[in-house]
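Here is a short report to read alongside the structure. Keep both the sequence and the 3D view open.

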Amino acid sequence: DPPVIEPQGLFDEPDNTPIFEYIAQFTQVVGALQGEFKDTIDPRLYELEYAVLPVLHRMEACGVLVDKQILTELSTFLAQEIQSLESEIYEYAGKKFNINSPKQVAVVLFDEMGLKPLKKTKTGHSTDAQTLGLLYQETQEPMLKKILRYRELSKLKGTYVDALPRFIQRDGRIHTLLHQTITETGRLSSSDPNLQNIPIRTEDGRRIRTAFIAADGNQLVSADYSQIELRV
């Protein structure tokens, strides 16, 4: 049988973290390791999965400090940008329509403006971001760029900027849940909220990340590694 490693510190820290979350995670890990592949799994994997539970417990209990004021100011800025884009789109189209409606956007672009659709769906012509992006590359039509920008900012505002403050607890921190048995690649995943998918490739996405700060006397350090086993 795999060696038993005592999870030192698992119950040492009094906090509000739901310890049953860790028990459930560990049960899943052990169940996976002791299933039909038990004889083929390296015992060191068992040691790693078991040993990391106390670490995840402390990470969740600690949480990440958030500057709520940054998010508030960014929300105001995005609202102004979205409203400005909305006015420009209406003026360019010559009428008001629901920019969030794929059907109404398709009517404006393809029926009224005469753009050539690239892809069809069951309900009509596709207006998803990828399709409109390709269409913009072909036509350089300003309307497409405005719609894409409108959607991008609306998603950032609704999904991140306005949503994250609701998860900030009284200590000023977000205590996301970390899962070690969800992904097929073996990496950790995050939920309630998911802090792993906050955009970084755009300037607006990077501005959201500036809201995550370190406490006085501390600093945030970011480290990543290439998943070499997938490459091999």
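Where is Gln140 found? Gln140 is found in the loop between α5 and α6.

## Basis of the model

This is a predicted model, in which local features need pLDDT of at least 70, side-chain atom pairs count only at pLDDT 80 or more, and totals for chains, interfaces and linings use all residues. Residues are numbered from 1 along each chain as its sequence is written, and side-chain values use heavy atoms, with hydrogens and water left out.

Helices (H or I, at least four residues) and strands (E, at least two) are DSSP runs, numbered from the N terminus. Buried means under 20% relative accessible area, exposed means over 50%, and partly exposed lies in between (1.4 Å probe, protein chains only).

## Helices α4 and α5

In α4 (102-112), the buried residues are Val105, Ala106, Val108, Leu109 and Phe110. Seen down the axis of α4, they fall within an arc of 165 degrees, so they line one face of the helix. The arc is that of the directions from the helix axis to the C-beta atoms. Lys103 and Asp111, on the other side of α4, are exposed. The cover over the buried residues of α4 includes α3 (68-93), β3 (124-125), α5 and α6. Gly114 follows α4, and its phi is positive, near 80 degrees.

Helix α5 spans residues 129-139. Its buried residues are Thr131, Leu132, Gly133, Leu135 and Tyr136. Among the elements that cover them are α4 and α6 (142-161). Gln140 follows α5.

## The nonpolar core

A nonpolar core is a set of buried Ala, Val, Leu, Ile, Met, Phe, Trp, Tyr and Cys residues joined through side-chain atoms within 4.5 Å. The largest one here has 35 residues. Phe97, Leu109, Leu164 and Ile208 touch the most other members. At least two residues of this core come from each of β1 (64-66), α3, α4, α5 and α6. The largest share, eight residues, comes from α6.

Take Leu164 as an example. Not counting residues up to four places away in sequence, Leu164 touches Leu71, Ile174, Pro193, Leu195, Ile198, Ile208 and Phe212. Contact means heavy atoms within 4.5 Å.

## Salt bridges

A salt bridge is a side-chain nitrogen of Lys or Arg within 4 Å of a carboxyl oxygen of Asp or Glu. By this rule there are six salt bridges. One of them joins Asp128 to Lys119, with the closest N and O atoms 3.4 Å apart. Asp128 is partly exposed, at a relative accessible area of 31%. Lys119 is also partly exposed, at 39%.

Which residues are linked in a network of salt bridges with Arg149? Glu152 and Asp204 are linked with Arg149 in this way. Between Glu152 and Arg149, the closest N and O atoms are 3.5 Å apart. Both residues lie in helix α6, three residues apart, about one turn of the helix. Glu152 counts as partly exposed at 28% relative accessibility, and Arg149 counts as partly exposed at 28%. The side chains of Asp204 and Arg149 meet at 2.9 Å, N to O. Asp204 lies in helix α7 (residues 203-209) and Arg149 in α6, so the pair ties together parts that are 55 residues apart in sequence. Asp204 is buried, with a relative accessible area of 8%.

## The sheet

Three strands form an open sheet in the order β4-β1-β7, with antiparallel pairing. The edge strands, β4 (173-174) and β7 (212-213), each pair on one side only. Strands pair if DSSP finds at least two bridges between them. Two bridges join β1 to β4. Val64 stands opposite Ile174 in β4.

## Backbone exceptions

Most residues other than glycine have a negative phi, and most peptide bonds are trans. Gln140 has a positive phi, near 55 degrees, and is not a glycine. Gln140 is partly exposed, with a relative accessible area of 47%.

Asp192 lies in the loop between β6 and α7. Its phi is positive, about 55 degrees, although Asp192 is not a glycine. The peptide bond from Asp192 to Pro193 is cis, with omega near -5 degrees. Pro193 is found in the loop between β6 (189-191) and α7.
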